[in-house]
Amino acid sequence: MFQLRPANQRGHGNYGWLDTWHSFSFNDYYDPQHMAFRVLRVMNEDRVAPGQGFGMHGHRDMEIITYVLSGELEHRDSLGSGEVLRPGELQYMSAGTGIRHSEFNPSATESVHLYQIWIVPEQAGLQPTYAQQAFDPSEKQGRLRVVASADGRDGSIRVRQNVSIYLATLEAGQAIAAPFETGRHGWLQMLRGSAQAGADALAAGDGLAISEEPNVRIEAQEAAEIMLFDLP
């Protein structure tokens with residue numbers, strides 16, 4: 001079973017410094033039909049203007065993953081972490097019992113385009129943690145490269161939920177297979193380009209919820225980048 005979440009039907013807010021799209025209810029956007037998918041709670045696509053960003057604010061009991069498509073994002077948090085996130089790098093923050101952080105676009109000329117994802121953790125009250133990791137582009141070319149997982153396999157970032165997150169880049173006409181074990185579910189997020197998954201054609205920004213499908217074939221219609229979630 002597939003359920004398409006078209007990009008142009010997402011919640012949208014444009015605040016001048018921030019242009020943001022929400023696949024699920026978030027902040028001022030509320031849609032009882034789109035609250036979450038399984039443990040995937042937030043899928044936000046953000047564009048932050050040069051010299052702008054999110055001031056210091058708090059989170060708790062949430063697994064937060066950020067992936068930059070273009071530009072740079074400067075991170076500071078109450079754990080003492082201070083990093084600049086660049087394209088191809090994955091940032092992970094487990095808010096646990098509580099963490100405060102800020103995210104800022106340090107460029108004076110270039111906007112930053114990113115996805116921020118929230119996943120409900122396996123349990124509340126965990127110790128906050130932070131990690132950031134770069135992945136070689138060749139590792140995701142034409143195949144699914146696991147970048148975050150519950151067991152940290154293949155050098156992926158370890159997260160506190162029974163999920164696996166994959167990235168893949170595909171050339172036009174290239175196809176990959178995404179298998180799912182019985183009882184597992186998937187979410188496919190089109191980051192760039194376009195692709196066909198089952199009977200659904202997806203363009204950049206589209207999401208696809210997947211259930212009761214043992215194997216999903218994904219074929220790029222043009223050069224594409226995807227993020228795939230394997231969820232309980």
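**View 1. His 101 and its polar partner in the predicted model.** The side chain of His 101 makes a polar contact with the side chain of His 59, at 3.2 Å. A polar contact is a pair of N or O atoms within 3.5 Å; within protein, one must be able to donate a hydrogen and the other to accept it, and residues adjacent in sequence count only if both atoms are side-chain atoms. This is a predicted model: local features need pLDDT of at least 70, side-chain atom pairs count only at pLDDT 80 or more, and totals for chains, interfaces and linings use all residues. Residues are numbered from 1 along each chain as its sequence is written, and side-chain values use heavy atoms, without hydrogens and water.

View 2. His 101 lies in strand 10, residues 99-104. Strands (E, at least two residues) are DSSP runs, numbered from the N terminus. His 101 counts as buried because its relative accessibility is 1%; buried means under 20% relative accessible area (1.4 Å probe, protein chains only).

View 3. Two strands pair if DSSP finds at least two bridges between them. Strand 15 (residues 164-170) and strand 22 (residues 224-231) are antiparallel, over seven bridges. Leu 167 stands opposite Met 227 in strand 22.

How values were computed: Helix = DSSP H or I, 4+ residues; strand = E, 2+ residues; numbered from the N terminus. Buried < 20%, exposed > 50% of the residue type's maximum accessible area, 1.4 Å probe, protein only.
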